[in-house]
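Take a slow look at the model below before reading on.

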Amino acid sequence: MITIEADWLSAFFRLAVIGLELAGTLTILVGAGLATFLFARRARAGDRTEAYSAFRSALGRSILLGLEFLVAGDIVKSLVINPTLDDLIVLAGLVLVRTFLSISLGVEINGHWPWEETRMAREKARAAALDGSPMTAGAAGRGAALKG
């Protein structure tokens, strides 16, 4: 087992964990606030159904990004600061729960499973090639990346 002997290094990792957890929490809170503000503005201006869909998407994205910061903080805390077997088991449970949440939110936001994205991009590139319609630079790059 590797232990941190330098006090400054231990303090650095503790501050890093606090920073990552704070970044994750703020990302979720600010994202939720911004999504709510944009929802209220769009709902007053027009279609509430589309405003609600955009709200859910923005809120889900902020939660996903916040979860990434929180997982990073948990990894540093469990593997660097206090690497005991109990902490590693708790970390494994947290990662499993957050992975399930990330996949669920991704399906809610995108409307398909994450592993279907490559297949859908390939089908879109084939359809564009058959139609003879010009593909955008981004789609052409993804299509070329899929072939190579």
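Helix α3 gives the largest share of the nonpolar patch, three residues. Helices here are DSSP runs of H or I with at least four residues, strands are runs of E with at least two, and both are numbered from the N terminus. The patch is made by Ile75, Leu79, Leu85, Leu88 and Ile89, and covers about 460 Å² of surface. Two elements give it two or more residues: α2 (48-81) and α3 (85-110). A patch takes residues with over 30% relative accessible area and no salt bridge; like charges are joined within 9 Å, and nonpolar side chains (Val, Leu, Ile, Met, Phe, Trp, Tyr) within 5 Å. Accessible areas come from the Shrake-Rupley method with a 1.4 Å probe, and for residues only the protein chains shown count as cover.

This is a predicted model, in which local features need pLDDT of at least 70 and side-chain atom pairs count only at pLDDT 80 or more, while totals for chains, interfaces and linings use all residues. Residues are numbered from 1 along each chain as its sequence is written, and side-chain values use heavy atoms, with hydrogens and water left out.

Look at one member of the patch. Leucine 85 sits in helix α3. Is leucine 85 buried or exposed? Leucine 85 is exposed, because its relative accessible area is 62%. The cut-offs are simple: buried means under 20% relative accessible area, exposed means over 50%, and partly exposed lies in between (1.4 Å probe, protein chains only).

Now move to helix α1, residues 7-45, where isoleucine 18 is found. Isoleucine 18 has a relative accessible area of 53%, so this residue is exposed too. Lysine 77 is 59 residues away from isoleucine 18 along the chain, yet their C-alpha atoms are separated by 9.4 Å.

How far should α1 span? Its 39 residues, at 1.5 Å a residue, should span 57 Å. The expected span is 1.5 Å times one less than the number of residues. The end C-alpha atoms of α1 are 56 Å apart, so the model agrees.

UniProt, in an unreviewed entry, lists residues 12-38 as "transmembrane region". Its positions are given in the numbering used here, feature names are shortened, and annotations may be inferred rather than shown by experiment. In the model, residues 12-38 are 100% helix and 0% strand, and the end C-alpha atoms of the span lie 38 Å apart.

Which residues of α1 are buried? They are Ser10, Val17, Gly24, Thr27, Gly31, Ala35 and Ala43. These buried residues pack against α2. See this from the other side. Serine 62 lies in helix α2. Serine 62 counts as buried because its relative accessibility is 8%. Leaving out residues up to four places away in sequence, serine 62 touches Thr27, Ile28, Gly31 and Ala32. Contact means heavy atoms within 4.5 Å.

Next come the charges. Side chains of opposite charge can pair when their charged atoms come close. How many salt bridges does the structure hold? There are three. A salt bridge needs a side-chain nitrogen of Lys or Arg within 4 Å of a carboxyl oxygen of Asp or Glu.

Glutamate 21 pairs with lysine 77, with the closest N and O atoms 3.1 Å apart. Glutamate 21 lies in α1 and lysine 77 in α2, so the pair ties together parts that are 56 residues apart in sequence. Glutamate 21 is partly exposed, with a relative accessible area of 25%. Lysine 77, at 35%, also counts as partly exposed.

Lysine 77 meets aspartate 74 in a salt bridge as well, at 3.9 Å from N to O. Both lie in α2, three residues apart, about one turn of the helix. Aspartate 74 also forms a salt bridge with arginine 98, the closest N and O atoms being 2.5 Å apart. This pair links distant parts of the chain: arginine 98 is in α3, aspartate 74 is in α2, and 24 residues separate them. Both arginine 98 and aspartate 74 are buried. Through shared partners, salt bridges join Glu21, Asp74, Lys77 and Arg98 into one network.

Finally, step back. The protein has five helices and zero strands. Its pattern along the sequence is α-α-α-α-α. Of its 148 residues, 21% are buried. The protein exposes about 10,400 Å², and carbon and sulfur atoms supply 67% of that area.
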